Amino acid sequence: MSRSELAEAVNDYLWNATGKRYALDAHAIARYERGKVRWPSAAYRSGLKAVLGADSDGDLGFHPVPRGRTVSPGSSGAPASTGGQERDRHRSSAEIGESSDASAEAARTLWAADLEFETEGSGEGPPEPDVSTVALRWLTTSNTEPPQRHEGTARVGEDDVAAVNRACDLFEALDHEFGGGHARVAAVQYLHSEVAPLLKGSYTAAVGGALFSAAARFTYKTGAMAYDAGHYTLARRYFVQALNFARWAGDPALAGKTLVLLSHQANFRGQFRHALDLARSAQVGANGGVTPGGEAMFAAMEARALASLGEERACTQALGRMEHLFASSDAAEEPEWLGYFDEAEVNDEFAHCFHDLGHAQAARRHARASRSGARREYRRSRTFAGLILAGSYAMGGAGDVDAACAIAGEVVADAAPMRSARVKSYVRRFDDSLQPYADASAVRMFRKRTRDSPAGAQ
């Protein structure tokens with residue numbers, strides 16, 4: 001079992017045992033293994049004992065910390081810094097930067113720290129950022145002048161910016177097809193070794209605006225890969241940095257995209273009201289400066305959160321806005337990075353919402369359309385749509401469990417090459433929905449086939 005898989009299993013156990021969402025991640029597990037955290041919270045100790053079959057805290061190598069040292073109640077289980085130095089070191093990277101240079105420096109600190117953790121370096125992970133405060137500050141501040149620097153280590157031009165965007169395209173393609181866990185560290189390395197020096201270079205206002213937009217996009221994409229890999233706190237910090245870059249670039253569409261990703265992750269983690277606030281913040285911050293396709297994307301995330309909250313009427317209204325805005329959009333006028341939000345994606349949003357609202361037939365219709373219409377390279381999108389489709393067959397007392405298991409079996413087999421914590425979570429959710437039919441032969445066969453699959457529920 002990998003660190004990410006162990007963290008997921010603990011989070012799932014605690015959710016089932018307490019009804020509360022937890023966010024243990026692979027970075028925290030690594031710190032436990034290195035002895036950097038000797039006494040995690042009681043919840044995490046309980047979850048680890050249950051998942052690993054340990055009888056006591058001592059069997060896991062945990063021992064109470066000396067008096068005077070406390071454990072933070074944050075999601076990572078990391079000990080609070082007695083002098084505040086650790087918090088101070090990362091604080092600037094969790095806030096809206098006071099200048100473009102300050103934002104760039106905060107991002108460089110984050111990228112370097114991320115690489116340090118990945119290579120088993122010393123030190124504790126940064127605390128979880130206060131995203132609500134960051135979003136509010138973004139909404140109440142404005143940037144009127146694009147960033148420019150007259151002194152720097154190198155002269156930055158349009159070709160340099162084009163190279164960053166092209167590299168981001170490549171990592172995005174890998175993410176869609178093979179999952180966020182496949183090339184995430186390589187993406188961080190690119191940010192650290194290639195993008196960071198450009199931000200320290202010299203550039204005109206025109207190039208600076210384009211450079212900060214490219215940095216925003218690459219940063220949120222790397223955050224999305226962390227989210228898909230199950231590193232939720234880390235992902236939020238990347239999203240905050242992307243919001244910083246988008247603000248200095250004067251790009252409300254990219255800023256809105258970042259807030260949408262924060263909303264998506266919050267909804268995935270069960271923070272439904274927070275997800276709704278973030279989705280609506282994206283719409284308010286757009287302030288008429290976003291294309292119809294971007295507005296449709298914002299409405300889609302609002303609908304997702306409303307569906308999770310069971311607010312059917314408001315959800316239906318948001319879906320209607322999404323559909324209308326998408327129909328009125330012109331692909332030629334939309335930013336290139338929004339190309340993924342196509343008809344298949346719109347159908348996927350309908351499918352997820354109807355599934356969460358308990359409308360099996362509608363969910364089935366849209367999930368089937370999304371799955372068949374998704375581009376071949378969008379393996380993860382096809383996987384999600386396929387599992388929603390399978391789940392629609394298992395819904396209700398009269399579910400067609402044979403069809404559900406047949407579809408899910410094909411989907412899980414196709415998803416085997418992916419390294420995605422979210423895919424595993426979808427498979428587990430579908431597997432949970434089969435519990436009323438646990439004695440059916442189709443269910444037993446599905447569970448047997450997927451038990452050892454890389455994308456399976458186990």
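Predicted model: local features only at pLDDT ≥ 70, side-chain atom pairs only at ≥ 80, totals over all residues.

Visitor: How many helices and strands does the chain have?

Guide: The chain has 20 helices and zero strands. Of its 458 residues, 54% count as buried. Among contacts with a separation of 6 or more, 74% join residues 24 or more positions apart.

Visitor: At what angle do helix 7 and helix 9 pack?

Guide: An angle under 35 degrees counts as roughly parallel. Helix 7 (residues 158-178) and helix 9 (residues 205-228) pack at about 15 degrees, their axes 9 Å apart, and are therefore roughly parallel to each other. Helix 7 passes helix 9 in a left-handed crossing.

Visitor: Which residues make the contact of helix 7 with helix 9?

Guide: On the helix 7 side they include Val161, Val164, Cys168 and Phe171. Helix 9 contributes, among others, Leu211, Arg217, Phe218 and Met225. The residues of this contact divide into 11 nonpolar, one polar and seven charged.

Visitor: How many disulfides does a search of the whole structure find?

Guide: The test is the distance between two cysteine sulfur atoms, which must be within 2.5 Å. The search finds zero disulfides. Take Cys353: the closest cysteine sulfur, in Cys315, is 4.0 Å from its own, too far for a bond.

Visitor: Is Cys353 buried or exposed?

Guide: Buried means under 20% relative accessible area. Cys353 has 0% relative accessibility, so it counts as buried. Cys405, at 4%, counts as buried too.

Visitor: Where is Phe117 found, and how far apart in space are Phe117 and Arg31?

Guide: Separation along the chain and separation in space are to be read side by side. Phe117 is found in helix 5 (residues 100-118). Phe117 and Arg31 are 86 residues apart in sequence, while their C-alpha atoms are 9.1 Å apart. With 8% relative accessibility, Phe117 counts as buried.

Visitor: Which residues does Tyr13 touch, beyond those up to four places away in sequence?

Guide: Tyr13 lies in helix 1 (residues 3-18). Leaving out those sequence neighbours, Tyr13 touches Ser46, Gly47, Ala50 and Val51.

Visitor: What does Tyr13 count as in terms of accessibility?

Guide: Tyr13 counts as partly exposed, because its relative accessibility is 33%.

Technical notes:
Residues numbered from 1 in each chain as written. Heavy atoms only, no water. Axes fitted to C-alpha atoms, helices over the stretch in contact; angles between N-to-C directions. Helix = DSSP H or I, 4+ residues; strand = E, 2+ residues; numbered from the N terminus. Parallel < 35°, antiparallel > 145°, perpendicular 65-115°, else oblique. Left-handed = near helix turned anticlockwise from the far one by under 90°. Contact = heavy atoms within 4.5 Å. Nonpolar A, V, L, I, M, F, W, Y, C, P; charged D, E, K, R; others polar. Buried < 20%, exposed > 50% of the residue type's maximum accessible area, 1.4 Å probe, protein only.
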